[in-house]
Amino acid sequence: MDHPHPARPAHSGDDARPYTVSRPLPPYRGLVAVDAKDFTGHASIEHGAISEAIQDVLRLAFKRADIADVWHDRRFPNSTGDGYVFGFDPTLMPFVIHPWLSTLQEVLTDFNVHAAGTARIRLRVSLHVGPLPDAGSAFDGNGTPRNDTHRLLDSRPVKAVLAASSAYVTQVAAILSDRCYQDAVASGYTGRHPDHFIEVPATVEGKSFAQRAWLHVPAPSGPLYDRRVLGDRVIDDQQAPDSGDGQRRPERRTAAQRRTVVYRADHGNVNSGTVHGGQRVHNGDVRGDDVRVESVGGDFVRGNSVRGDSVRGGKAGTVYGNQGDTFHGDQPEDRR
C-alpha cells in the first residue's frame, strides 16, 4: 500500500528565525555581474553614458552568442552604476561561460576600436549559481549567492589580471565561483576544456572573504602567471617538479629558501665583505665545493664540510668553528 507524502506544514516559516523551521529552498538562479575597470577615473559627466553603454554591450553580446533569451528573461536586474547584475536560468550557465564570454570580448574590442570620443570599456565578470528568492518581489535576488557574486567581482585575482594585461588585447577577465566551475566546466557541459581556467584564491581586501575560484581570460595578454593574480601557493604549485605521473607536486619552501642564491667556487674563493691579506686555496682535501649564500645580501654564509669542520660566518671577517691555526698576512705556502 502506498503511503502519501506528508503534507507540508501550513505555516511556511517565512517569518521565523533562521535554523528554527524547515522551509522550501528558493529557486536556483545563475548570476552574472560585471564591473567596468577604472569607472571612477572617468569624469562624472561620462558616468551615465558608460552605464548605458555597458548594458548595450551586454545585450549585443548575448544576441551574437545566440542566447538572447538570457538577456530578455533576466531576473532581478540592477544597474550598479559602474556595472550590472542579474539572475538567469542556471541551465544556461554553460553557454554563458562559452561562447558568451568570448563573444563579450569580441564585442568590447569592436566597441573600443570605434569609441571615438567615448570612454573605453574593459569589464570584469563574475559568475555564480545558488538559491535566491524570485517571486516577483521588489527584494528578490538578495542572499548569500548574490553577495558572493559581488565579492568575486571585487576579488584580487580578477582585478589584478585585468590591470596587468594589455588594454589593446584583453577587454574581459572573468572569475567563476568554484560551484559554478564544478557544475558547468569540470562536469564537461561547457564547450571549454578545464585547462582554459586557472584556480585562484579569491580574497577581497578589507573583507572576511576567501574562496576557491577559477579565472578565465578569453584573450590573455601580459603576465598571467603573476603572484598578484594567483597568490604564492598557486605559483609554487605551478613551479613544482613533475612527479612522473603528469601531476605536479608542490614544493613546500620557506621564504628564506625561496630567496636562496647559490654561488659555486670550484678551486677558488667566494668572498662577501672586506678581506685583508692574501689568500691561497688548495682544493685537494675539500669535500664539496658549494658555498651557499642564503641571504641575498651575503650576510649568512654556509660552507659544505671542509675536513669535517663546519664553517659559518655572520660577516666576512668573523669565523666560528675549529679552524686550526690562525695566520695573519700573506700565506704563500700550501697547507695540507
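Which hand, left or right, does the crossing of α1 and α3 have? The crossing is right-handed, the near helix being turned clockwise from the far one by less than a right angle. This is a predicted model, in which local features need pLDDT of at least 70 and side-chain atom pairs count only at pLDDT 80 or more, while totals for chains, interfaces and linings use all residues. Residues are numbered from 1 along each chain, and side-chain values use heavy atoms, without hydrogens and water.

**Whole protein**
- The protein has nine helices and eleven strands (DSSP runs: H or I of at least four residues for helices, E of at least two for strands).
- Of its 336 residues, 34% are buried (under 20% relative accessible area, 1.4 Å probe, protein chains only).

**Helices α1 and α3**
- Helix α1 covers residues 44–64 and helix α3 residues 93–113; their axes lie 8 Å apart at an angle of about 130° (axes are lines fitted to C-alpha atoms over the stretch in contact, and angles run from 0 to 180 degrees between N-to-C directions).
- The two helices are therefore oblique (angles under 35 degrees are roughly parallel, over 145 roughly antiparallel, 65 to 115 roughly perpendicular, the rest oblique).
- Residues in contact (heavy atoms within 4.5 Å) include L58 and F62 of α1 and W100 and L104 of α3.
- The contact residues are twelve nonpolar, one polar and two charged (Ala, Val, Leu, Ile, Met, Phe, Trp, Tyr, Cys and Pro are nonpolar; Asp, Glu, Lys and Arg charged; the others, Gly among them, polar).

**Helices α3 and α6**
- The axes of α3 and α6 (residues 178–186) come within 9 Å and cross at roughly 80°, which means that α3 is roughly perpendicular to α6.
- M93, P94 and I97 of α3 meet C180, A184 and V185 of α6; this contact has six nonpolar, no polar and no charged residues.

Technical notes:
Buried means under 20% relative accessible area, exposed over 50%, partly exposed in between (1.4 Å probe, protein chains only).
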